Amino acid sequence: MADVTVYSSAQCPYCVMAKQLLDRKGVSYTEIRVDLEPAKRDEMMQKSKQRTVPQIFINDQPIGGYTDMLALDRANKLDPMLT
C-alpha cells in the first residue's frame, strides 16, 4: 500500500472530497491540518510549490489537489499509484 499524505484545513470542501475519495477506495492516509499547525503550511508549500489545500502526496510525490487526483482516477491511473 502506498504512503499517502493529505495536507488539509477544516473549512475546505475540496479537502473533504479528497478524503472521501480515498476513504471510498479503502486507502489509509495521514492528514496534516495546516489550519491547526501553521508551520505545516510552510512545509507543504516547500514540498509542493503550492499554497492551496488540499495538497496530496503519494509516496512523497506531489500529485496536486482534489481535482488532480480525480483526473488521475478517471484516467485509471490513481489505483496503480496507490498499490
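## Basis of the model

In this predicted model, local features need pLDDT of at least 70 and side-chain atom pairs count only at pLDDT 80 or more, while totals for chains, interfaces and linings use all residues. Residues are numbered from 1 along each chain as its sequence is written, and side-chain values use heavy atoms, with hydrogens and water left out.

## Overall fold

The protein chain has four helices and four strands, taken as DSSP runs numbered from the N terminus (helices H or I, at least four residues; strands E, at least two), and along the sequence they follow the pattern β-α-β-α-β-β-α-α. The C-alpha trace spans about 35 × 20 × 20 Å along its principal axes.

## Nonpolar cores

A nonpolar core is a set of buried Ala, Val, Leu, Ile, Met, Phe, Trp, Tyr and Cys residues joined through side-chain atoms within 4.5 Å, where buried means under 20% relative accessible area, exposed over 50% and partly exposed in between (1.4 Å probe, protein chains only). The largest such core holds 15 residues, and among those touching the most other members are Val-4, Leu-22, Ile-56 and Met-69. The elements giving two or more residues to this core are β1 (4-8), α1 (13-24), β3 (55-58), α3 (66-74) and α4 (78-82). Apart from it lies another core of eight residues, including Tyr-7 and Val-34.

## Thr-5 in strand β1

Thr-5 lies in strand β1 and counts as buried because its relative accessibility is 13%. Not counting residues up to four places away in sequence, Thr-5 touches Thr-30, Ile-32, Gln-55, Ile-56 and Phe-57, a contact meaning heavy atoms within 4.5 Å.
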